[in-house]
Amino acid sequence: MQVEFYERGCKFFFKKHRRQQDNMEAIIRAAIAREVATGMTKVKLATRKKIAGQTVYEFRLNLGKLGSARLAFAADQDHATVYFISSHLQKATFSHEFDQVVAGMGRR
C-alpha cells in the first residue's frame, strides 16, 4: 500500500521527532495497511466533512518508545493519505488541531 503524508499536517510532528521519522513512517504505513486489510475496526470518523471526496478517519497508534499518537487519514484499497499526526490524544484537542490544519483545503 502506498501511503503519503500531507506536509502541512505531519511536518510539525516529524520535525519534533526528526531522528525517528523513518521508523515512525514505517510503523504508520504498516498500521494503516493492517487496518484497511482487516476492515478498519479500530478507526473512527475524524470529521463528518469529506476531504477531496474521501471520508477521513482517525485512530490511536502506539509508536513504541515515543508513546502514542493519534492520526487522521483517508484510504482506499491501495492508497492512503495521512493528513495529520498529533501526540495530543484527547479527541477534542485532536479534532480542533485537525480542523485548523485542513481549513482551506478542498472540503466538500
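In this predicted model, ring pairs link F5, F13 and F14 into a cluster. A search of the whole structure finds eight aromatic pairs. F59 and F73 form one that is edge-to-face, with 5.5 Å from centre to centre and 85 degrees between the planes. This pair links distant parts of the chain, since F59 belongs to strand β3 and F73 to strand β4, 14 residues apart. Both partners are shielded. F59 counts as buried at 3% relative accessibility, and F73 is buried at 0%. The rings of F94 and F98 are arranged in another way. Their centres are 6.3 Å apart and their planes lie at 0 degrees, so the pair is stacked. F94 and F98 are four residues apart in helix α3, a separation of about one helical turn. F94 is buried, with a relative accessible area of 0%. F98 is also buried, at 0% relative accessibility.

Helix α3 covers residues 91-102. Its twelve residues reach 16 Å from the first C-alpha to the last, close to the 16 Å expected at 1.5 Å a residue. The buried residues of α3 are F94, S95, E97, F98, V101 and V102. Seen down the helix axis, these buried residues fall within an arc of 165 degrees, so they line one face of α3. What covers them includes α1, β3, β4 and β5.

Helix α2 was examined in the same manner. It runs over residues 21-37, and its 17 residues should span 24 Å at 1.5 Å a residue. The end C-alpha atoms are 24 Å apart, which agrees. M24, E25, I28, A31, I32, E35 and V36 are the buried residues of α2. They fall within an arc of 130 degrees when seen down the axis, so they too line one face of their helix. An α-helix has 3.6 residues a turn, so residues three or four places apart point the same way. On the other side of α2, D22 and A37 are exposed. The cover over the buried residues of α2 includes β1 (2-5), α1 (7-16), β3 (57-62), β4 (68-75) and β5 (79-86). Just after α2, G39 takes a positive phi of about 90 degrees.

The largest nonpolar core has 20 residues. Within this core, I28, I32, F59, L71, F73, V82 and I85 touch the most other members. The elements that give two or more residues to the core are α1, α2, β3, β4 and β5. Helix α2 gives the most, with five residues. The surroundings of L71 illustrate the packing. Leaving out residues up to four places away in sequence, L71 touches I28, I32, Y57, E58, F59, L61, V82, F84, I85 and F94. Another core lies apart from the largest one. In soluble globular proteins, nonpolar side chains tend to be buried together.

Charged side chains were considered next. The structure holds three salt bridges. One joins E25 to R29, with the closest N and O atoms 3.5 Å apart. Both residues lie in helix α2, four residues apart, about one turn of the helix. E25 is buried, with a relative accessible area of 15%, below the 20% cut-off for burial. R29 counts as partly exposed, at 31%.

The other salt bridges meet at E58. E58 pairs with R70, the closest N and O atoms being 2.8 Å apart. E58 lies in strand β3 and R70 in strand β4, so the pair ties together parts that are twelve residues apart in sequence. Both E58 and R70 are buried. The side chains of K91 and E58 also meet in a salt bridge, at 3.3 Å from N to O. This pair links distant parts of the chain, with K91 in helix α3 and E58 in strand β3, 33 residues apart. K91 counts as partly exposed, at 32% relative accessibility. E58 is buried, with a relative accessible area of 0%.

Conventions
Residues numbered from 1 in each chain as written. Predicted model: local features only at pLDDT ≥ 70, side-chain atom pairs only at ≥ 80, totals over all residues. Heavy atoms only, no water. Expected span 1.5 Å × (residues − 1). Buried < 20%, exposed > 50% of the residue type's maximum accessible area, 1.4 Å probe, protein only. Arc of directions from axis to C-beta. Contact = heavy atoms within 4.5 Å. Core = buried A, V, L, I, M, F, W, Y, C linked by side-chain atoms within 4.5 Å. Salt bridge = Lys/Arg side-chain N within 4 Å of Asp/Glu carboxyl O. Phe/Tyr/Trp six-rings, centres within 6.5 Å; stacked < 30°, edge-to-face > 60°.
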